[in-house]
Amino acid sequence: MRNITIRDVTRPVTFEGRYHGAVPGMDGDRHAGFELSTSIDREAWDLNWNMALEAGGWLVSKDVKLAIDVAADEVAVTADQPVLAGAA
């Protein structure tokens, strides 16, 4: 579970994750793919604007799908380098 902040409103959200696998690239490094997704109720973040459609219904759905695609490259790390950027 992670927190998401939209327009100064923070709420916890649980993402569903999927690992697509790792493959060797032409450069010899390994490349991995991941996907994260969830749905949120936009009104929980005080995103209440909407407009009625002439044919019926609403312009903006109450439920919003969030999707994050990640492509990660394997990087060689030496003993004197931090594993994560900004790590001490």
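**Close-up views of a predicted model**

**View 1. Strand β4 beside strand β5.** Strand β4, which covers residues 30-41, pairs with β5 in the antiparallel sense over 11 bridges; strands are DSSP runs (E, at least two residues) numbered from the N terminus, and two strands pair if DSSP finds at least two bridges between them. T38 stands opposite L66 in β5. This is a predicted model, in which local features need pLDDT of at least 70, side-chain atom pairs count only at pLDDT 80 or more, and totals for chains, interfaces and linings use all residues. Residues are numbered from 1 along each chain as its sequence is written, and side-chain values use heavy atoms, with hydrogens and water left out.

**View 2. The open sheet.** The order β3-β4-β5 describes an open sheet of 3 strands with antiparallel pairing. Because β3 (16-24) and β5 (63-73) stand at the edges with a single partner strand each, one side of each is left without a neighbour in the sheet.

**View 3. An aromatic pair.** The count comes to 1 aromatic pair, where rings of Phe, Tyr and Trp (its six-membered ring) pair if their centres lie within 6.5 Å, and planes under 30 degrees apart count as stacked, over 60 as edge-to-face and the rest as tilted. Y19 and F34 form this tilted pair, with 5.2 Å from centre to centre and 40 degrees between the planes. Y19 lies in strand β3 and F34 in strand β4, so the pair ties together parts that are 15 residues apart in sequence.

**View 4. Surroundings of V9.** Leaving aside neighbours within four places in sequence, V9 is in contact (heavy atoms within 4.5 Å) with I4, A44, W45 and D46.

Key
Helix = DSSP H or I, 4+ residues; strand = E, 2+ residues; numbered from the N terminus.
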